[in-house]
Amino acid sequence: MSCVNLSSWGQACSMLNRSRSSPSLLLLHPTRPVSFSSHKRRRPSSVAAILTKQESAVNEESVKPSFNFKTYMVEKAESVNRALDAAVSLKDPVTIHEAMRYSLLAGGKRVRPVLCLAACELVGGDESVAMPAACAVEMIHTMSLIHDDLPCMDNDDLRRGKPTNHKVFGEDVAVLAGDALLSFAFEHLAGSTVGVEPSRIVRAVEELARSIGSEGLVAGQVVDIHSEGLSDVGLEHLEYIHLHKTAALLECAVVLGSILGGGSDIEIEKLRTFARYIGLLFQVVDDILDVTKSSQELGKTAGKDLLADKVTYPKLMGIEKSREFAEKLNRDAQEQLVGFDSEKAAPLIALANYIAYRQN
């Protein structure tokens, strides 16, 4: 795949260029290990208010006029919200299910589940076969947010404009709520997916497990934690963190949709590459927003990476170079969709632009 000019970005795409040893591997593995120093019943929120004017303008910028991105996102997000609400009901023990639902139904743009559904439909599948997987991905994403906000991690008080889970339910219940969402995600994927060959369901479960384990999301989290305060962190090290911590679950969402939708191995791998690009793009944009937007605009604490002395793309490359890098990642991602039906690919093209130009 194409990549950023190394003379301009100092090998910012080095890991994206490396080939995997097997098509089934979810993440790119570095040629050498990364080293670091030790150290009551809620209803889903509407997504309509979340999409800004700049984001809804994606329709005019890059896809056919007949495709309305804002309408698509609202409809898909509402479908996901209904499915999540039904999947995680309020029952005994009430406290743990209240805590699970508090964060799971707190709103958000539902980018990951919508990516899953869009990938499924792109390869010819129906939304219904991918909905359990889309919900499973969102459950795990929510788990990661609950745990990430804990005092022992990022110690954050605000998430999606509301007090974080542990601020409402206490640290003990917050940990357990995350654990419960994690385990139920696999139960829901395996037990509620219908109309799909069992072998594809097993493959989807394996993909999901790998994406969040010790060589996936957790790997990115651990390296990120132990990189705080280090002065010699380079772009390759930063890329490792975000390909695992952020891109892994976005990639998984797209791959699950393409697997369950009946995609061929070639289609699945093209979509995997697309998702890896937008996964890294998501984090580059997140880093930019963290230093350019307020807490009110973001719905979470702004500037916390700077306060924690974390390495970010703006810190290593500057704001303008980071924006140029984001634009390059967006172009490279969309190149992976060439050859697919253009109308069916329109949602993924629009989602890539949404991620690139989002304001929160």
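Rings of Phe, Tyr and Trp (its six-membered ring) pair if their centres lie within 6.5 Å; planes under 30 degrees apart count as stacked, those over 60 as edge-to-face and the rest as tilted. By this rule, the count comes to four aromatic pairs. The model is predicted, so local features need pLDDT of at least 70 and side-chain atom pairs count only at pLDDT 80 or more, whereas totals for chains, interfaces and linings use all residues. Residues are numbered from 1 along each chain as its sequence is written, and side-chain values use heavy atoms, with hydrogens and water left out.

**View 1. The aromatic pair of F67 and Y72.** F67 and Y72 form a tilted pair, 5.4 Å centre to centre, with 50 degrees between the planes. Both F67 and Y72 are buried (buried means under 20% relative accessible area, exposed over 50% and partly exposed in between, with a 1.4 Å probe and protein chains only).

**View 2. The aromatic pair of F69 and Y354.** The rings of F69 and Y354 are tilted, with 5.7 Å centre to centre and 45 degrees between the planes. F69 lies in helix 5 (residues 69-87) and Y354 in helix 20 (residues 342-357), so the pair ties together parts that are 285 residues apart in sequence. Helices (H or I, at least four residues) and strands (E, at least two) are DSSP runs, numbered from the N terminus. Both F69 and Y354 are buried.

**View 3. The ring of F282 with R112 and R358.** R112 lies over the face of F282, at 5.2 Å from the ring centre. R358 also lies over the face of F282, at 3.9 Å from the ring centre. A charge sits over a ring if NZ of Lys or CZ of Arg is within 6 Å of the ring centre and within 35 degrees of the ring normal.

**View 4. Helix 11 and its buried side.** Helix 11 (residues 198-212) has 15 residues. Its buried residues are I201, A204, E207, L208, S211 and I212.

View 5. G257 lies in helix 14 and, at 0% relative accessibility, counts as buried. Leaving aside neighbours within four places in sequence, G257 is in contact (heavy atoms within 4.5 Å) with C116, A119, C120 and V123. The C-alpha atoms of G257 and V123 are separated by 8.7 Å, although these residues are 134 residues apart along the chain.

Technical notes
The expected span of a helix is 1.5 Å times one less than its number of residues.
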